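Please look at the sequence and the model first.

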Amino acid sequence: MAAATVLHDVEAACLRPPHSLPRTTAKEPRLKPGLAFPHLYDNKLPVLGRGYGVGNRSFITCYVDPSTESRVSVLGVSQIKEKCSKWQWKGRYSINYFVSSSSSTNPPLLLVHGFGASIPHWRRNIDTLAKDYTVYAIDLLGFGASDKPQGFSYSMEAWAELILDFLNEVVQKPTVLIGNSVGSLACVIAASESSQNLVRGIVLLNCAGGMNNKAIVDDWRIKLLLPLLWLVDFLLKQRRIATAVFERAKQRDNLRNILLSVYGNKESVDDELVEIINGPANDEGALDAFVSIITGPPGPNPVQLMPRINLPVLVLWGDQDPFTPIDGPVGKYFSSLPSKSSNVSLYMLEGVGHCPHDDKPDLVHQKLLPWLAQVTAL
C-alpha cells in the first residue's frame, strides 16, 4: 500500500497541474463590458460574442456559429506526416520537421510544440496559417518523430540552440516563432540569443516558466509542492520506479484524463489527440527523455529574458490554465508587460486552457492573424 501511495504521488507531481490547490480570487468583478467581436476574417469561423477590458489586458468571450463549423480545416495526422522531412542537427541527431510552402512573400512561421506534444498538435492551425504563410513545424529533440538519444541531458538551452540552427540551416529567412508552453520558452530563449536577424517576431501561447515546475519557486502553490518535487526527482532516478510511472502515465485513459484537466474545451480532447501524445511515448528513448526533462534544471526564466527582446511579441493566454495560471508569477509577469513594453501585445482567452491553439483555435486565429499581418507590414 505504501509503495502504491508513493507511485500515485510521483505520478501526480510529474503530470498533474496544481489545480486542486486553492486559487486566488479577485474581490471585485474582473470584467467590464466592451466591444462586440463579429466575424472579421474570411478564413476562420464567424465569431459572435463580447469583448472585455481589464487595465491593459483584453478578454474575449466568443460563441462559434455552429452552422459554419464544417468550414474548420483540420489536418489529419497522416496528412501531416506525408509532408514531414528529416534534418540532421549537428550531424548526429535526426530532427523531424514539417513544411507547407506558400508563394507569399510574407515571413515564414515556425511552430514549436510543448511538453509531450509534437507537430500534429498544430493540426487545427496549419491549414489556416498556410493560406498566407510558409509554415514550418518542428519536433524538438526527445519528442515526436525526432531522435530520443540515450544519455542526452535535455535542457531549454539545447532546444533554443536547435531552433536557431534550424532557422539558419533550413528556413534561411527571418521567421516568426510561435510556441506553446515549453516551446514558447524555447522561442523566448532563441529570440534573446539570436544575433543574426533570424527571428522576425514571437508568439507565446501560455509560456512556461521553465522546463519543469522547479522553476517557479516564488509561487506559493509550488512552494507547497517542493518537498514532493524533490522526492520525485530522487525516485525517478530509480529505473524501476521511473518505468512504472511512465508506463502508467502513457496509458490512453490516463492521458485523456490529464488532457481533460488542462483543456477548457473538452470536445477538443479527442481520440486523435490522445494518439498524438501516446504514439511517440512508446519510442525507444522516450522514458529517458521524460526522466531527464522532469528531473533536469529548469533553465532560464522568461522574466530575465524578455527585457532583452525588442521584437514584436504577441502573448495569448488561456485563463483556465492550471499549469501556468494567470494569477501565478509567470502569468502575472506577462500580463504586466504591455504597460511596460510597447512591443508586447497580450490577450486573455476566456474558457481556454494550457494549449490554446488546439483547445479553441478560432480564438487564437482571431488575434494571431491580424497581428501577423501587422508584423508583415513592418
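Buried here means under 20% relative accessible area, exposed means over 50%, and partly exposed is in between, with a 1.4 Å probe and protein chains only.

The model is predicted, so local features need pLDDT of at least 70 and side-chain atom pairs count only at pLDDT 80 or more, while totals for chains, interfaces and linings use all residues. Residues are numbered from 1 along each chain as its sequence is written, and side-chain values use heavy atoms, with hydrogens and water left out.

**The chain as a whole**

The protein chain contains 14 helices and eleven strands. Helices (H or I, at least four residues) and strands (E, at least two) are DSSP runs, numbered from the N terminus. Of the 378 residues in the protein chain, 57% are buried. The accessible surface comes to about 16,400 Å², and 52% of it belongs to carbon and sulfur atoms. Such areas come from the Shrake-Rupley method with a 1.4 Å probe, and for residues only the protein chains shown count as cover. A contact means heavy atoms within 4.5 Å. Among contacts between residues at least 6 apart in sequence, 74% join residues at least 24 apart.

**Strand 10 and its partners**

Strand 10 runs over residues 313-318, and six of its six residues are buried. Two strands count as paired if DSSP finds at least two bridges between them. Strand 9 (residues 199-205) pairs with strand 10 in the parallel sense over four bridges, with Val 203 opposite Leu 314. Strand 11 (residues 344-349) also pairs with strand 10 in the parallel sense, over six bridges. Here Val 313 stands opposite Val 344.

Strand 10, helix 12 (residues 329-336) and strand 11 together make a right-handed β-α-β unit. Right-handed means that, with the strands pointing away from the viewer, the path from the first strand over the helix to the second runs clockwise.

**One side of helix 7**

Helix 7 spans residues 239-249, and Ala 242, Val 245, Phe 246 and Ala 249 in this helix are buried. These residues lie on the same side of helix 7 because they cover an arc of only 95° around the axis. The arc is that of the directions from the helix axis to the C-beta atoms. An α-helix has 3.6 residues a turn, so residues three or four places apart point the same way.

**Aromatic pairs**

Rings of Phe, Tyr and Trp (its six-membered ring) pair if their centres lie within 6.5 Å; planes under 30 degrees apart count as stacked, over 60 as edge-to-face and the rest as tilted. By this rule there are twelve aromatic pairs.

Trp 87 lies in strand 4 (residues 84-89) and Phe 166 in helix 4 (residues 156-171), so their pair ties together parts that are 79 residues apart in sequence. Trp 87 counts as buried because its relative accessibility is 8%, and Phe 166 counts as buried at 0%.

Phe 143 is in the loop between strand 7 (135-138) and helix 4, Trp 159 is in helix 4, and the two are 16 residues apart.

Ser 181 is not a glycine, yet has a positive phi of about 60°. This residue is in the loop between strand 8 (175-180) and helix 5 (182-193), and counts as buried at 7% relative accessibility.

Asn 206, which is not a glycine either, has a positive phi of about 50°. Asn 206 is placed in the loop between strand 9 and helix 6 (220-236), and its relative accessibility of 0% makes it buried.

Ser 118 is in the loop between strand 6 (109-112) and helix 3 (126-130). Ser 118 is buried, at 3% relative accessibility. Leaving out residues up to four places away in sequence, Ser 118 touches His 113, Asp 139, Gly 144 and Ile 276.
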